[in-house]
2 protein chains.
Amino acid sequence: MRKFVDFLAKSQAQQGSLLCVGLDPDVEKLPPAMRAHRTPLFAFSREIIEATAQWACAFKPQIAYYAALGAEHQLQQTIAYIKQHHPHIPVILDAKRGDIGATAKMYAREAFERYQADAVTVNPYLGGDALAPFLEYRDHSGADKGVFILCRTSNPGSGSIQQLHSRAPTPVAAAPLGVSDGAAEPQLFSGGRSVAHQVATYAAEQWNDNGNVGLVVGATWCREIAAIRKRVGDMPLLVPGVGAQGGDLQAVLAAGLTAPRAGLLINVSRAILYAGNGRDFAAAAATAAEGFCEQIQQFRRRQPTQPAKPPQATAT
Amino acid sequence: MRKFVDFLAKSQAQQGSLLCVGLDPDVEKLPPAMRAHRTPLFAFSREIIEATAQWACAFKPQIAYYAALGAEHQLQQTIAYIKQHHPHIPVILDAKRGDIGATAKMYAREAFERYQADAVTVNPYLGGDALAPFLEYRDHSGADKGVFILCRTSNPGSGSIQQLHSRAPTPVAAAPLGVSDGAAEPQLFSGGRSVAHQVATYAAEQWNDNGNVGLVVGATWCREIAAIRKRVGDMPLLVPGVGAQGGDLQAVLAAGLTAPRAGLLINVSRAILYAGNGRDFAAAAATAAEGFCEQIQQFRRRQPTQPAKPPQATAT
């Protein structure tokens, strides 16, 4: 019985990569030749998959781009294509689902049966019982599925809920590390525990009985990655926000890498997908993916091997 | 330019009802005659719509039941059917979407363009900037859409995040009002503000510039309905959890009604949809819907009219 975390770790080792390629095919941004295609989202994604598979340890299709257009069939085609041509690379369906038990069960079927995803992203706002249908899911062979729970999302306003905090005497101003847009943190206090940290704690202590939980932590909040890493050991962290959103790759790696398991999935979507917009878009995507993969590997080669303890986030 | 809140208030007045009929067509629970249909979810929903439209002020289809089966087309048919045959009854798409801005925009298109919903349920975990594409959406005629933000959900485990609370000295044991299953509240403290109350506060003070926000508050937490009502004035509250989930209808009404606007949408799904399972399932659904509608109206007739101030939650 395959476990998702082993599948992912094996892919990361074989591919020599921690790069997750996000498939967010916005039809308005596609190269003209792809836009004219009868199934443009699939045609584009297939080109991107072939161009980047060498540098990727996972693919992460974003369902919203298909759902907006009524193009679920193209999402199915895309995932089936990966399964057929790159069966050793896990597929994480980015759906951010969350609903009460009976309904969550339907969403689990959507992700794992209809789309055959190996993992899914979910929203923790409804609590652990709402996550159970994803956490406990087994396919016909008994294999589990990966469940990446939103913890600290990459958007500027993520703090309004995720940084709500146990009350403490002195409010402290804090700037996110690795972004320079001055996005304000509406609620950050010096004591207690934030909602995001509570989610990380639940994930580590209550929700991971089956060993299939990961967390989503935005690259735009590097200090958070380091703090959450301390709470959750070598649990996989899926980190979006490098590239178009401005997260600092080196800082993410310093904060989130663990050894011997990598424990980190660096997602890049737009900076790869739209690296070029002409006839050479696929070649441009390959070059961009190679660049991210290489930067990550260079950083890893510089790191001392620390068999069990997660490395401290040291400025290099 | 139609505003969603006016559309809803007009429907509630014309229909003489606060009942929202939830369309959660689980194919395994359908009456045999419906299950054999080529488009079973639509066929069943159409029968339910015709049987209950007289008693309903809104319909709330749950997208997960369609998505699990790849039956989005039947969801489109269902909503189109309501628009054609009962155009004065608003459709709330229960999708609980939530994602960062660029992706949330795609989900807004899914709900409002593809499915032509009048309102949608959304998840606040990602913060206000992630809700903006829903809050700011206008259709080609300039009409807004209703946005029901999850605040306190009806499931037993909803407190693990939603009741995380500002730190205060003394933990207080609390039992939900209107449910008897003894579902524990993991984190309820006597002081400060819970995450759910903070969401209600954001909704009232920051997110409702366009006057199109509502909140989802489970019928299983009646004290919460009363407390949230005090924070948000006559903002519409969508209240699931009456019926199969065991919420107490009278207690919900006592806690949540406002005047002159009703400000309350009582959702019932399973207790209407599956009131019967034989050939008479539609008649059974009609009887169930009439029963809920009548109970609500009886309660309202007993209430003294209080033009502006929300009534106190008095035990009757």
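Guide: Let us begin with a term: a polar contact is a pair of N or O atoms within 3.5 Å; within protein, one must be able to donate a hydrogen and the other to accept it, and residues adjacent in sequence count only if both atoms are side-chain atoms. The model is predicted, so local features need pLDDT of at least 70 and side-chain atom pairs count only at pLDDT 80 or more, while totals for chains, interfaces and linings use all residues. Residues are numbered from 1 along each chain as its sequence is written, chains are lettered from A and ligands numbered from 1 in the order in which they are written, and side-chain values use heavy atoms, with hydrogens and water left out.

Visitor: What makes the pair D118(B) and R2(B) a polar contact?

Guide: The side chains of D118(B) and R2(B) make that contact at 3.5 Å, and the cut-off is within 3.5 Å.

Visitor: Why is D118(B) called buried?

Guide: Buried means under 20% relative accessible area, exposed over 50%, and partly exposed in between, with a 1.4 Å probe and protein chains only. D118(B) has 4%, so it is buried. This residue sits in the loop between α6 and β4 (119-122) of chain B; helices (H or I, at least four residues) and strands (E, at least two) are DSSP runs, numbered from the N terminus. Contact means heavy atoms within 4.5 Å, and beyond its neighbours within four places in sequence D118(B) has contacts including F4(B), F7(B), I89(B) and K145(B).

Visitor: What makes K60(B) buried, and where does it lie?

Guide: K60(B) has a relative accessible area of 5%, so it counts as buried. K60(B) belongs to strand β2 (residues 58-61) of chain B, and its side chain makes a polar contact of 2.8 Å with the side chain of D94(B). Leaving out residues up to four places away in sequence, K60(B) also touches, among others, C20(B), L238(B) and N267(B).

Visitor: How do you know that D144(A) and K3(A) form a salt bridge?

Guide: A salt bridge is a side-chain nitrogen of Lys or Arg within 4 Å of a carboxyl oxygen of Asp or Glu. For D144(A) and K3(A) the N to O distance is 3.3 Å, and they meet in a salt bridge. D144(A) is in the loop between α7 (128-135) and β5 (146-152), and K3(A) is in the segment before α1 (4-15), so the pair ties together parts of chain A that are 141 residues apart in sequence. D144(A), at 6% relative accessibility, is buried, whereas K3(A), at 29%, is partly exposed.

Visitor: What makes E113(B) and R109(B) a salt bridge?

Guide: The closest N and O atoms of E113(B) and R109(B) are 3.8 Å apart. Both residues lie in helix α6 (residues 101-114) of chain B, 4 residues apart, about one turn of the helix. Over all chains, the structure holds 24 salt bridges.

Visitor: How do you know how chain A and chain B are related?

Guide: Copies are superposed by least squares on the C-alpha atoms of residues with pLDDT of at least 70 in both. Chain A can be laid on chain B with an RMSD of 0.0 Å by a turn of 180 degrees and a shift of 0.0 Å along the axis. That is the relation of a two-fold axis.
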